[in-house]
Amino acid sequence: MSRFIQTIFKSKGEAIGFALFILVVFVVFPLMMPVFRLNLVGKYLSFGFVAVGLVLLWGRCGILSLGQGVFFGLGGYCMAMFLKLEASDPETTSIQSTPGIPDFMDWNQLTELPAFWEPFKSLPFTIVAVFVVPAVVAYFIGWAMFRRRVGGVYFAIITQAIALIMSLGIDGNQGLTGGRNGITDLRTLLGWDIRTESAQKTLYFLCATLLCFVAIGAKYIINTRLGRVLVAIRDREDRVRFSGYDVAMIRAFIFAFAAMLSGLGGAMFVLQVGFMSPSIIGIVPSIELVIFTAVGGRLSVLGAIMGCLVVNWGKTTFSEAYPDLWLYLMGGTFIAVVMFFPNGLVGLMEKFPALGKKLMAFKKSRLDEKQPTAPSEPIHDEH
């Protein structure tokens with residue numbers, strides 16, 4: 001057990017920082033915040049799953065994906081489909097032309113449930129789909145591109161295009177997906193009302209607990225041989241390939257793993273917010289997820305989660321007061337991070353001790369210069 005902990009935390013500072021994060025999330029926030037604000041923090045934490053995946057994918061492996069919102073949305077839609085089917089039982093939908101199907105299907109004159117909706121009547125299948133569907137889609141996308149050595153800005157643009165196609169596809173099939181309005185009016189999970197204050201608190205703690213386990217797992221990967229291989233691929237891809245590693249396979253795997261984490265975040269988002277729509281999948285949300293990670297620190301798991309909390313708190317605060325200026329502030333923040341502290345808030349905090357030492361050394365040198373030197377004794381000539 002001690003060896004496992006030493007693998008996760010390479011220094012006492014990392015362990016203390018993670019312990020403080022747990023204290024704040026599990027004790028301070030629940031005690032100080034009303035349920036409404038706590039639910040907002042839970043929504044911010046659901047983005048943390050995507051940010052952790054981006055640390056592995058972008059920070060460690062050097063693959064910038066601008067389409068992680070796609071996988072976040074796939075996981076979210078899987079969970080939303082199950083919740084919507086539970087809320088669309090024949091008794092509740094008795095006033096519809098076709099009872100027993102979601103309301104938006106009835107509005108679009110569908111007379112039976114589409115075949116691909118049928119498996120989502122089962123919660124175990126839904127939970128598996130939350131992980132498997134985003135991972136499988138990401139693996140095939142990654143395999144097709146990495147085999148052709150597509151990377152860098154080209155990979156980022158392609159993933160951005162996939163996010164646009166996905167959002168337009170969902171938006172244009174209202175009868176099957178709910179269209180632009182998305183899947184709404186989600187009320188219960190196996191009969192448990194997820195809209196009550198007690199349920200929102202429970203879901204908050206569930207989201208925070210899962211995120212902690214995911215963060216620990218990501219740190220373990222970073223500090224093992226796989227993590228070192230990812231960094232080697234980022235810095236010297238050709239050398240790794242010449243050493244006998246299948247770079248395309250490793251990249252496709254880590255891309256699928258990051259997508260799986262994003263799908264879990266999407267499911268937790270749906271449970272806490274109560275809806276899912278294509279507006280969460282498109283280009284802008286995917287870019288925002290990258291900004292969250294960059295602001296917190298793309299090389300640090302805990303920093304990326306902090307970035308989700310800080311940026312979203314700023315988004316909520318400033319957008320309420322200055323809704324027209326928030327996007328400019330978001331863009332300016334990202335530019336400032338890239339230009340002045342590319343390692344994010346965590347990198348800036350790591351510089352504080354070094355800056356303090358330099359400042360103390362500078363003060364000491366100034367004091368030494370000002371301190372008068374003792375006069376030398378005169379030399380007496382005995383002759």
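Helix α13 (residues 283–296) has 14 residues, which at 1.5 Å a residue should span 20 Å; its end C-alpha atoms are 20 Å apart, so the two values agree. The expected span is 1.5 Å times one less than the number of residues. This is a predicted model: local features need pLDDT of at least 70, side-chain atom pairs count only at pLDDT 80 or more, and totals for chains, interfaces and linings use all residues. Numbering runs from 1 along each chain as its sequence is written, and side-chain values use heavy atoms, without hydrogens and water.

**Helix α13**
- Eleven of the 14 residues in α13 are buried (under 20% relative accessible area, 1.4 Å probe, protein chains only).
- Among them are Pro285, Glu288, Phe292 and Gly296.
- Gly297 follows α13 and has a positive phi, near 135°.

**Helices α14 and α15**
- α14 (residues 301–321) packs on α15 (residues 326–340) at an angle of about 150°, with the axes 10 Å apart.
- α14 is therefore roughly antiparallel to α15 (angles over 145 degrees, on a scale from 0 to 180 between N-to-C directions).
- Val311, Gly314, Lys315, Phe318 and Ser319 of α14 meet Trp326, Leu329 and Met330 of α15 (contact: heavy atoms within 4.5 Å).
- By class, five nonpolar, two polar and one charged residues form this contact of α14 with α15; Gly counts as polar.

**Whole chain**
- The protein chain has 16 helices and two strands (DSSP runs: H or I, at least four residues; E, at least two).
- Of its 383 residues, 46% count as buried.
- Among contacts with a separation of 6 or more, residues 24 or more positions apart account for 77%.

Note on methods:
Parallel < 35°, antiparallel > 145°, perpendicular 65-115°, else oblique. Buried < 20%, exposed > 50% of the residue type's maximum accessible area, 1.4 Å probe, protein only.
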